[in-house]
Amino acid sequence: MDCNTALIGPLFLQGIILGSLYALIALGYTMVYGVLKLINFAHDSVFMVGGVAAFYVFGSALGLTEPLTGFALIVALFGVLMVGALASASGATLLERGAYRPLRRRGGARLSFLISAIGASFFATYLFQQDFLLGAGKRQFPNLMETSGAFSAFGSPVNNKDLLIVVAVVICLVALDRVINQTRIGRSIRALSEDVVAAQLMGVNVNRVIVTTFLIGGFFGGVAGALYGVNFANVAWNMGFIPGVKAFTAAVLGGIGNIRGAMVGGILLGLIENMSVVCIGAEWANVVAFSVLPLVLIFRPTGLLGERIGG
Amino acid sequence: MATPAADLRSYLDQNYPRISARTPEGVMAPLGGAWRLWWRLGLLRYLVAAAVMIAVPFLIEGGAVPYLEGAAGNTVLFRTGIWILLALGLGVVVGLAGLLDLGYIAFFLLGAYTTALMTNSGASDQFHFATWPTWAVLPVAILVAMAAGAALGLPTLRLRGDYLAIVTLGFHEIVRQTMNNLTITNGSRGIFGIPHPTFNLFGINYEFSLDPAPYWWFLLTPAILLAVLMVRHLDNSRVGRYWTAIREDEVAAAAMGVPVTKMKVLAFVIGASTSGLAGWIYAVQINYISPNNFPLLDSILVLSAVVIGGLGSISGAIFGAVLVITLPEFVREASGGETILGFDIETGRIAIFGLLLVIVMIFRPGGVFAARRRRTELHEASAVDATLAAVSVDESSSKERS
């Protein structure tokens, strides 16, 4: 095993960027788990919907092909992220209405929620595979921003897309942390995740809080989907599956149900995955990433930061 | 009868009678002890089932099943048989012991790869480290899958349901990627030339070939019946009642003297055994395996099969496997390449299947064939719903905190 030390800098950077995306997607898993104690298996298609919606609006409808500059660029970037976020938020709400709420009313067992989520995920994902929506191949995402080096960190150049992702993710995470810990709806979400019955007795509208949870999780999933499109310059019907599995792993790694845990877990998983390339090789990156999880869980059975949803 | 364990046992015996309690032993008594044993084990039913199963490929050959005809129909039948074995094994882990396994296909993969690596596969001296006869590898494939079950079960026992789910999902990906990266498995190109089984019995010399019909099914029939026999009797034995107890309340089960650790590992090991067998049959039939034959999606699909059929129910597992494999084929054949409002039915059949999963779960949350024992439990067992409906305050909150 010979280590390629020259790669450490660039891969560390890549790890942080990929990890930030994982963290953003992981929020959707962890928030729903915190409130419903349920693996939101369909969150990968919610993520995909965000990227695809941004592609529709800015690629198909507006037909942007040339990179933008200045104020137009800022407006366009903000627009891309918002379109993705809103589309995914509506998708997540629809998912809750269609696949979860009827089951909750009828009193399904935990596993039936999981299967319902899997079914909804299959449905949404393979629907977008249809030609009238997106088609089977990858579609090119409009190149809004000319890639250019911004500055240098860890001995490797950081380009403006990397910077965009990190800044956007940090803003999202700080905003969510504020919402959860300092607003009324955040308090309701925390109350519900602590004790459903007591929260209900205290006047929390359970159904509305659950929908809001899906909405918030979907919103950030959509931002992640749009960022994915901007960064990797393509979207596809099956783009959600691998990031979804990784983000879910990240959420468990940090402590599922715990929002700060999702952030820590996401960045850590991105770093581990990329740093393993330095010494072990790129083809083993997934093996390393998935082996870390049981190792951590053996010593900390509820993840690194435990299961509390608040800070 | 004063000990808690004995009380539990007598309670379970009364409420969940063994098979023997339902069989007309009295009628058959004059025929002697051997007949009584047959009745007790319900073996005659298996003979009838075997006769029915053997007739199936001939019905398909004759075109009795719409859209599944001839050789193509028998290929689907073969895949269905493999998936029945998988669903039965996973049913033990998820349905009986209540352990959520999202990486079950990893055991199937290991069974298939063991077969490929230990028989004379590949062009020359590559891609195998032994050249055993095909049949001799069969027990090895099963044992390797079972050992993998123990290897996965032992370190993950402390984990609660959802953590177990993601760890098992990761296990699948670890195993698959490893096969993808090693040289001896020929990486992503896969192993080709796995020999077909042959036999020379009573003067009949026969070699199974790629032709799916109908002899491979005759190999699957006894395998499926044996698996059903095993699961059925485990479910009705002390082990099955231990699993029920663990599934319902692990802490209480441990307090009643149930060897929780041992029983959980046993569930993984037994569950993996049928997939090892399925892996062997699959590898020797298909001749060629690569990591792409065992995608993560299949682990999710086989879990869907078990849940849609009904947890803890054998007929449910069989039904689920048949549905998961044949429904997309039916839809493909029946559509004939038609599109409705731009929706191409053939490529969109998984979307249809997904929709069906949601609908079945909404209208029959316990699955199509909810097991008798399960059906009574489902009213109270739902952790999500019990809390939300606020029916049983103390019970659900104690479950959440455990």
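Visitor: Leaving out residues up to four places away in sequence, what does E273(A) touch?
Guide: In this predicted model, E273(A) touches L18(A), Y22(A), K246(A), A285(A), N286(A) and A289(A), with residues up to four places away in sequence not counted.

Visitor: Which helix is E273(A) found in?
Guide: E273(A) belongs to helix α10 of chain A, which covers residues 259–279.

Visitor: And is E273(A) buried or exposed?
Guide: E273(A) is buried, because its relative accessible area is 10% and the cut-off for buried is under 20%.

Visitor: Which side chain forms a polar contact with the side chain of E273(A)?
Guide: That partner is Y22(A), and the polar contact between the two side chains is 3.1 Å.

Visitor: Let us change topic. Where does N160(A) lie?
Guide: N160(A) lies in helix α5 of chain A, residues 160–182.

Visitor: Why does N160(A) count as buried?
Guide: N160(A) counts as buried because its relative accessibility is 17%, and buried means under 20%.

Visitor: What is N160(A) in contact with, beyond its neighbours within four places in sequence?
Guide: With those neighbours left aside, N160(A) is in contact with M145(A), E146(A), T147(A) and S148(A).

Visitor: Now the two chains. How many residues are in contact between chain A and chain B?
Guide: On chain A there are 57 residues in contact with 55 residues of chain B.

Visitor: What area do chain A and chain B bury between them?
Guide: They bury about 5,000 Å² between them, and 73% of this is on carbon and sulfur atoms.

Visitor: How many salt bridges are counted between chain A and chain B?
Guide: The count of salt bridges between chain A and chain B is zero. For polar contact, the count between these chains is one residue pair, with both residues at pLDDT 80 or more.

Visitor: Which elements give two or more residues to the side of chain A that touches chain B?
Guide: Among them are α1 (8–36), α3 (70–106) and α4 (110–128) of chain A. The element that gives the most is α4(A), with 14 residues.

Visitor: What is the make-up of that side by class?
Guide: The side of chain A that touches chain B has 36 nonpolar, 14 polar and seven charged residues.

Visitor: Last topic: how many helices and strands are in chain B?
Guide: Chain B has 18 helices and four strands. Of its 402 residues, 54% count as buried.

Methods
Residues numbered from 1 in each chain as written. Chains lettered and ligands numbered in written order. Predicted model: local features only at pLDDT ≥ 70, side-chain atom pairs only at ≥ 80, totals over all residues. Heavy atoms only, no water. Contact = heavy atoms within 4.5 Å. Buried area = accessible area lost by both parts, 1.4 Å probe. Salt bridge = Lys/Arg side-chain N within 4 Å of Asp/Glu carboxyl O. Polar contact = N/O pair within 3.5 Å; in protein donor to acceptor, adjacent residues only side chain to side chain. Nonpolar A, V, L, I, M, F, W, Y, C, P; charged D, E, K, R; others polar. Buried < 20%, exposed > 50% of the residue type's maximum accessible area, 1.4 Å probe, protein only.
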